[in-house]
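This report goes through selected local features of one protein model, element by element. The sequence and structure come first.

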Amino acid sequence: LDELLLDARDAVIKANPAYRVNIIFEQEIENDDYISVKGNEYLLKVAFINLMENGCKFSYNNQSNVAITYFKDKVILRFSDTGIGIPSTDLAHIFQSFYRGGNRQFTEGHGIGLSLTHKIVTQHKGTIDLVSEVNTGTTFTVEFPHV
């Protein structure tokens, strides 16, 4: 996953030079298997690009942070920003296709990205959750079983 995250970051910055994406390794990687998952590289990269772009797009400083850590049976990725946040009334619908919440006046979009990301993560036996506070930021937590 570390290589996919780096590739995704490069793609985001190439498409949007004003965006900044920081990747933080929270612990020493003792074994590559701890951060390796079985899956489709292309689809996982699409999901990571979407989460990074959203973090930058909805953040006042155009920056997203990605933290990677692992445990005995899973790898955890946290995509966070210090942006506009997501109102609690929108949280229940955030992964629905074509749903645009109160952020639609902040930036353009079609409401496809997060529903696609959710499908990609769940197809890879992963989970995706989020915590958000309006005018403070959002953190998406993605967990996958590692090999």
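## Helix α4 and what follows

Just after α4, K125 takes a positive phi of about 60°; helices (H or I, at least four residues) and strands (E, at least two) are DSSP runs, numbered from the N terminus. The model is a predicted one, in which local features need pLDDT of at least 70 and side-chain atom pairs count only at pLDDT 80 or more, while totals for chains, interfaces and linings use all residues. Residues are numbered from 1 along each chain as its sequence is written, and side-chain values use heavy atoms, with hydrogens and water left out.

Helix α4 spans residues 113-123, and its buried residues are L114, S115, T117, I120 and V121. Buried means under 20% relative accessible area, exposed over 50%, and partly exposed in between (1.4 Å probe, protein chains only). The cover over these buried residues of α4 includes α2, β4 (127-133) and β5 (137-145).

## T138 in strand β5

T138 lies in strand β5 and counts as buried because its relative accessibility is 4%. Apart from neighbours within four places in sequence, T138 is in contact (heavy atoms within 4.5 Å) with F79, S80, D81, G85, I86, L130, V131 and S132.

With S132, the side chain of T138 also makes a polar contact of 2.7 Å. A polar contact is a pair of N or O atoms within 3.5 Å; within protein, one must be able to donate a hydrogen and the other to accept it, and residues adjacent in sequence count only if both atoms are side-chain atoms. I84 is 54 residues from T138 along the chain, and the two C-alpha atoms are separated by 8.0 Å.

Seven of the eight residues of β2 are buried, so the strand is largely enclosed by the rest of the structure. T69, which is in β2, counts as buried at 8% relative accessibility. Leaving aside residues within four places in sequence, T69 is in contact with E26, Q27, V75, I76 and R78.

Strand β1 (residues 20-25) runs parallel to β2, and six bridges join them; two strands pair if DSSP finds at least two bridges between them. F25 has I68 as its bridge partner in β2.

Y60 sits in the loop between α2 and β2 (63-70) and counts as exposed, at 53% relative accessibility. A polar contact of 3.3 Å joins its side chain to that of N135.

H146 is in the segment after β5 and is buried, with a relative accessible area of 14%. Its side chain reaches the backbone oxygen of K72 at 3.1 Å. Not counting residues up to four places away in sequence, H146 touches D33, Y34, S36, V37, F71, K72, D73, K74 and V75.

## The second largest pocket

The second largest pocket has a volume of about 220 Å³. Of the 13 residues that line this pocket, L1, E3, L4, I35 and S36 are the closest to its centre. On a 1 Å grid over the protein atoms alone, a pocket is an open set of points where a 1.4 Å probe fits, with protein on both sides within 12 Å along at least five of seven lines; lining residues have an atom within 4 Å of a point.

At least two lining residues come from each of α1 (2-15) and α2 (41-57), and α1 supplies the largest share, four residues. By type, the lining divides into five nonpolar, three polar and five charged residues.

Note on methods:
Points joined across faces, edges and corners; volume = space filled by probe spheres on them. Nonpolar A, V, L, I, M, F, W, Y, C, P; charged D, E, K, R; others polar.
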